[in-house]
Structures are given as structure tokens and as C-alpha cells.
Amino acid sequence: MTPHSTDTKTSNPTQNEETKEVKAKTALQIISHGPTIPGPPSFTSIDKHRAHILEHMAGAFRIFARKGFTEGLAGHISVRDPENPHTFWTNPLNRPWSLIRASDMVLVDYTGNLLGGNTTRPVNAAGFLIHGAIHKARPDVNAACHAHSPYGKAWSAFAKPLEMINQDACVFYGKAQSVYADFGGVVFKQEEGERVAKALGGEGKVMVLANHGLLTVGKTVDEAAYLFTLMERSCMVQLAVEAAAANGLEKRVIGDEEARYTFEMTADPDGLWCEFQGDFEVEDVLSNGDFRK
């Protein structure tokens, strides 16, 4: 069944003024009624910043494990080092995500040298090629997440972007979402990693890797991790909608103007950072802070 968009709404001067007033606020001011919710922290030293990054990386892995995103040796998170931007931290190969700690992370450079952290374990070769290419191509990207999550894998079989079928999906509107349609097997060649990075584009935040899974990026690991959890859930919803539409129900897609506006109001990096903090706080309590070690 052919999806259709909602009719374009006629604007009025009062509505336009209200829109201008909202856009003048920060993302955190927009979602806060009363005191503004705190955003990402600032740091008095590189060491404190690095420790924060590694703890939040480990927390993200624990959260992904609890949500069932793990699949064998597949999947990786990387975060650019705050002092040496030509290097990035990533997870060691074969360390269970449900047990991973900040001290497990490995520091690598773009040529694959293991420079610090837990160098007793290797890193994922395919993961290094993909993440290294992304960090080189996108200086604005500090973190990237990739996993073979169940609904992401299922939706990737269509090699299509997620549709704007609900408010949450509008976070992926326009150039924020891309598709890498050329599945070439496990990524063991530098050229393949570079093609993935090129497909992400200069403004991409999330990507469907055909017949493979999902990949998300952000200015912080918190942003990238939240985008991944949201994208996985959105794949689940999209698949449910497709099944219902195949049985005769009419599918409605959000209009372009409304989708763009919703994206502008919900896809700010600080706002997405805050979206992740609920899961992070829960994981901190459930694990008694074990991932921070």
C-alpha cells in the first residue's frame, strides 16, 4: 500500500512567531519546563575527560548487552581521545559486553597500532577499519556505535532508510540518515571501510548497513549510544507497521515540513546526550558501578 503524507498545514503569523521563539531557545531549554535540565559536563583536565569517556563507553556496552544487542564477536563502540584526536578508544575483542569495564578499553591510531589501555587483547579488525575510516572522514564525530542487533539486522535486509512514521523517527530525518547498500561481506579491506564512511556523508548521524546492521555516530558516546537504542527500537516499530500495512491497514507518513520541524526540535546533540542518561543511571545502579572500574 502506498504511504501518503499529511497535508501541509497553513501557517499563520502567530504560529510563526511562536516557532521563532522556540527556535531561539537551546534544545535543553525547549524540553525543560522550569529549571533547564543539565547538559554534558565540562572538565578541568584531560585525565578527567578521558575517564568520563571510558566510563560512559563501558556503561553503553552494558546497556547494549541488557537490551540484547550482542551477537558473538560482532559489534564495537569507538570514541576519539580528547587529547590525541588522531587516536580512538574501542573495545577489546571477545570481552563480554555485560562484563566490560572502563579499564578494558584499547587505544588505537588510524594505522592500527595499539597505543594504550588494555593491550593484552586484540581489537576487532573489521571494527577498526570501519571506525577508523569514519573518524578520519568526520572530524566532528567523536563516537560511533555498531552492533548486530536483531531488529536492525531484520530491517537491513530491505536496504532502505526508516520512514518518518512517528515522532521518534523524525530524529533520523533527511541527511541525518543514510543507507550503505553494497554489502561485501565482513569488512577486512580499508577500501570497504572508506566506502562506509562515504555513505554516511557529511551530516549523517545514523546508517542502515544492508544485510548487516546499524551504525550511529555522535559528538559524545552518549549521543551515539542513544541514537543506536532509538534506531533499533524504530526498526522494530517499522517492521510491525510494514506487517500491518501488508494486511490492508493504511500507513501514514509524517509530512516533510512537520518531520523537519520535529528533527530541529529533537536532534540536538545536547538533547540526545540527555536522553541517554536515564539508561546510564539505571545501569550504574544495577551493576553497582562495576563498569566504572
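Helices (H or I, at least four residues) and strands (E, at least two) are DSSP runs, numbered from the N terminus. This is a predicted model, in which local features need pLDDT of at least 70, side-chain atom pairs count only at pLDDT 80 or more, and totals for chains, interfaces and linings use all residues. Residues are numbered from 1 along each chain as its sequence is written, and side-chain values use heavy atoms, with hydrogens and water left out.

**View 1. Serine 178 in strand β7.**
Strand β7 covers residues 177-180, and serine 178 is part of that strand. Serine 178 is buried, at a relative accessible area of 10%. Buried means under 20% relative accessible area, exposed over 50%, and partly exposed in between (1.4 Å probe, protein chains only). Not counting residues up to four places away in sequence, serine 178 touches Ala199, Leu200, Val206, Met207 and Val208. Contact here means heavy atoms within 4.5 Å.

**View 2. The largest nonpolar core.**
A nonpolar core is a set of buried Ala, Val, Leu, Ile, Met, Phe, Trp, Tyr and Cys residues joined through side-chain atoms within 4.5 Å. The largest one has 48 residues. Met57, Phe64, Ile77, Met105 and Phe172 have the most contacts inside this core. At least two core residues come from each of α3 (46-66), β2 (76-80), β6 (143-147), β8 (206-209), α7 (221-246) and α9 (269-286). In soluble globular proteins, nonpolar side chains tend to be buried together.

**View 3. The surroundings of isoleucine 77.**
Neighbours within four places in sequence are left aside here. Isoleucine 77 is then in contact with Met57, Ala60, Phe61, Phe64, Trp89, Thr90, Asn91, His131, Ala144, Cys145 and Val221.

**View 4. Helix α7 against helix α9.**
Two packed helices are described by the angle between their axes and the distance between the axes. Axes are lines fitted to C-alpha atoms, for helices over the stretch in contact, and angles run from 0 to 180 degrees between N-to-C directions. For α7 and α9 the angle is about 70°, and the axes are 8 Å apart. That makes α7 roughly perpendicular to α9. Angles under 35 degrees count as roughly parallel, over 145 as roughly antiparallel, 65 to 115 as roughly perpendicular and the rest as oblique. From α7, Asp222, Glu223, Ala225, Tyr226 and Leu227 take part; they meet Pro269, Leu272, Trp273, Glu275, Phe276 and Gln277 of α9. Seven residues of this contact are nonpolar, one is polar and three are charged. Ala, Val, Leu, Ile, Met, Phe, Trp, Tyr, Cys and Pro count as nonpolar, Asp, Glu, Lys and Arg as charged, and the others, Gly among them, as polar.

**View 5. Helix α3 against helix α9.**
These two helices pack at about 85°, with axes 9 Å apart. That makes α3 roughly perpendicular to α9. Glu55, His56, Gly59, Ala60, Arg62, Ile63 and Arg66 of α3 meet Phe276, Gln277, Asp279, Phe280, Glu283 and Leu286 of α9. The contact of α3 with α9 comprises five nonpolar, three polar and five charged residues.

**View 6. The ring pair of phenylalanine 64 and tryptophan 97.**
Rings of Phe, Tyr and Trp (its six-membered ring) pair if their centres lie within 6.5 Å; planes under 30 degrees apart count as stacked, over 60 as edge-to-face and the rest as tilted. By this rule there are 11 aromatic pairs. The ring centres of phenylalanine 64 and tryptophan 97 are 6.4 Å apart and their planes stand at 50°, so this pair is tilted. Phenylalanine 64 is in helix α3, while tryptophan 97 is in the loop between β3 (87-90) and β4 (106-109), 33 residues apart. Both residues are buried. Ring pairs also link Phe61, Phe64, Phe69, Trp97 and Phe228 into a cluster.

**View 7. Valine 141 in the loop between α4 (125-137) and β6.**
Valine 141 counts as buried, at 2% relative accessibility. Valine 141 and valine 217 are 76 residues apart in sequence, yet 6.4 Å apart in space, C-alpha to C-alpha. Beyond residues up to four places away, valine 141 touches Arg80, Ile134, His135, Val217 and Gly218.

**View 8. Asparagine 211 in the loop between β8 and β9 (213-218).**
The phi of asparagine 211 is near 55°, a positive value in a residue other than glycine. Asparagine 211 is partly exposed, with a relative accessible area of 48%.
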